[in-house]
Every structure is written in C-alpha cells, then in structure tokens.
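Please examine the sequence and the structure before reading on.

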Amino acid sequence: MVARRLWIITGCFAAVALLRSWRVGIPVKDPGGAFFLTRVALTAGLFAVFALIEAFVRTPRGERTLRTLWATHRRRWPAGRLAAAWSCLLAYHVVYLTYHNLKSWDVLNAPRDHDLTAVDRWLFLGHSPAVLLHDLLGQGAAAYVLLAIYEAFPTLVVLVVAGSVFTPRLRDGATVLASLIWVWILGTVSYYAVPSLGPFHDRPQDFAGLPHTKATTTQAVYLAQRDHLLAHPHAADAFAQVSAFASLHIAVTTVIMLMAAHLGHRRTARVLGVYLALVCVATVYLGWHFVVDDVAGLVIGWAAVRLGILTTRSRPGRDRAAHRRGMVTTKAAPSAPGASSISPPNERATRLAIPRPRPAPPVP
C-alpha cells in the first residue's frame, strides 16, 4: 500500500514533466544514464553490500558460512519485502530523473537573480553575505575545506537512499524515501516560482578572489550548458543543471537530519545538524546560493518530512495486508542463539502501551 502511494505521487509528477516536455518541445532525457541508469545501478550495488553486512551481523559468530549467511538474508528479505523495497526505490529514482529534466527546462525562464541579490543585501544591511564570509574566513584554505564539505553531499544522498530500506520496519524506510521524493518535487516548484542561477552568475566580482577550484570549473560548465540549451534547445546533448532558488543541498540535508531524529538516531541527527550548518556556509561562500535560497531550503526540507510522514502513515484496517508484504514488521527473535537483532524505534514505548490481560479470579 505504501509503495502504491509513492507511485501515485511519482506518476503525477511524471505527468507534469511530460506536459512540460510537450510544451517546450524537448523530450525527457537521461544524459549518459547519469540520473537514472547509473543511480539505479549504484543503489543496487550498495544494496548488495548492505545486505551482506546485515546478514553477517545477524548470523551468530562461529556459524558464519555462505550457507548460513544466505539463510539469514532470505529470512530477513522474503520476496514480498524485497519487492516492496525495490518498488519504493524505483519510484524515488523516477522522481529524481523527472526532477532533473524539469530543472533543465527551467533555464528557459527569465532568471530573477537581481531580486534575490537585493533581498540578501537588505538582510545584511547593504553588504554581500559572501564577501562578509570571505573577510571572516579568508580566501585560501577555507575555500578548499568548504568545497570538500559541499562535495560530500552527493555521497551522503546515495548512501541514504540505498540504506533507507534497511530500517527494522520497512515502512520507516519508505517514509525516508517519501520525504526525499517530496523534497525534489517541492524544490522543482521553487525553481519555477523564482528562476535563478546563483550569486556566482549575478555578482561574479564577489568571488573573483577565490582560488580556482572544482566549484569554479563546475559553475563555468553549468553556464555553458545553459547557453547551449538556449541556443540549441532541440540538440541531443542540450541539458542544463543550474538553478539556485531554493537550495536543495540544504533541503535534502534537512530531510536527512530530521528523518534521523524521527527514527530515534539522535546522535546522528546532531552530527547532521553540524554538517547542515557547514553546508549553509559553503553554499554562500562558494557562490552557489543566496542566503534566502538556504532559508527556503530549510523550509522545504521541513515540509517534505511532514508530507513524507503523512504519505506513509498507517491507516486503520490496512496494517494486516501491509504486514504480509513486509511493510510493517514486529521484533523477531534472533535466527539462532547469539544472533543479533535490531529493535524498531520506540518499541519499548509500544510494548508499554499495549494493555496486559488481567489474571483470572481464583476458582472458589
């Protein structure tokens, strides 16, 4: 049932993309397989690695042979659970591909970077927030440190997506994926609401003192891609990847942080909170985003989590069918003495909330 809901949302988003494709006269593309085929293959590879690690941890020490590892894996991943997990993962990847195509066509709209620059300068009393950061942090080593933090984002997302379905309850993993699906959808809406390219394009003089890094090269590539698409929109290789408002680096990281807290991983959530703050600094320092982009990203991330939880919320009378498909599970006994097991979030509270039967009165 949860996978079906995700596919309904995915289908609606894909329908919007097909309509936009028809209006601009540009077909849906996956250039070089970068946004669908490669991502699905990477998810499959990571899934296999995580499944092997999980089977190793769940199998008792001293009994870890290929046969026992496979048996543990099969108990953990019956056909129904495996199909439900991959249905959710594929829905996510279809949304991700759709998002990139709609983002590419957004460059056909007139950018409004001057308006965003004006808002930033008003917020900082006439100063450029990027220049303030350059003065505070310097324009040497800080550029490379913040670039490394910024570039860690794709790796984080890939690991979270592939690992999301390894939660004790598959419904929790589906909630993570639903929240990520919503963040790409809401981000696309923000792109079309306020088309923009970023401070590096609107005020290049603010970033002239930074060393030449991968960020500088990528920004030049993105502007060249935009120019090529505007000049030759029907060319087979015409595909753009630049939009500023809102920052989905911030929005997606916010989703991951909030979902970690929602699932009870408080320490991980705190670490992600520090990472989120550093990414906010990096996006402004390197010229990728305006401050207002980051603020909008925080709001979008919060909204995406609320929608993700709402999307996968259990409904009375349907949990029994979901249980048969592996979407709802209870704590299972270890496969053998000494095997490890992982309890679902808030399981202790759930047990305490279940009323216990009263003892029968003594027979006279």
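Predicted model: local features only at pLDDT ≥ 70, side-chain atom pairs only at ≥ 80, totals over all residues.

## The nonpolar core

The largest nonpolar core comprises 97 residues. Within this core, Y92, V165, L180, V183 and W184 have the most contacts. Helix 4, spanning residues 79–105, gives the most to the core, with 13 residues.

Leaving aside residues up to four places away in sequence, W184 touches Y92, V95, Y96, Y99, L248 and V252.

## Helix 7 and its two faces

Helix 7 covers residues 141–151, and its buried residues are A142, A143, L146, L147, I149 and Y150. Viewed down the helix axis, these buried residues fall within an arc of 160°, and therefore they line one face of helix 7. The face turned away from the buried side carries the exposed residues A141 and V145.

The buried residues of helix 7 pack against helix 6 (129–137), helix 8 (153–163), helix 11 (214–231), helix 12 (248–262) and helix 13 (266–285).

## Aromatic rings

The structure holds 15 aromatic pairs. One of them is formed by Y99 and Y191, a tilted pair with 6.0 Å from centre to centre and 35° between the planes. This pair links distant parts of the chain: Y99 belongs to helix 4 and Y191 to helix 9 (residues 170–193), 92 residues apart. Both Y99 and Y191 are buried. Ring pairs also join F35, Y92, Y96, Y99, W184, Y191 and F239 into a cluster.

The ring of W77 has charged neighbours. The charged end of R81 sits over this ring, 4.6 Å from its centre, and the charged end of R76 sits over the ring of W77 at 5.8 Å from its centre.

Terms used: Residues numbered from 1 in each chain as written. Heavy atoms only, no water. Core = buried A, V, L, I, M, F, W, Y, C linked by side-chain atoms within 4.5 Å. Buried < 20%, exposed > 50% of the residue type's maximum accessible area, 1.4 Å probe, protein only. Helix = DSSP H or I, 4+ residues; strand = E, 2+ residues; numbered from the N terminus. Contact = heavy atoms within 4.5 Å. Arc of directions from axis to C-beta. Phe/Tyr/Trp six-rings, centres within 6.5 Å; stacked < 30°, edge-to-face > 60°. Lys NZ or Arg CZ within 6 Å of the ring centre and 35° of its normal.
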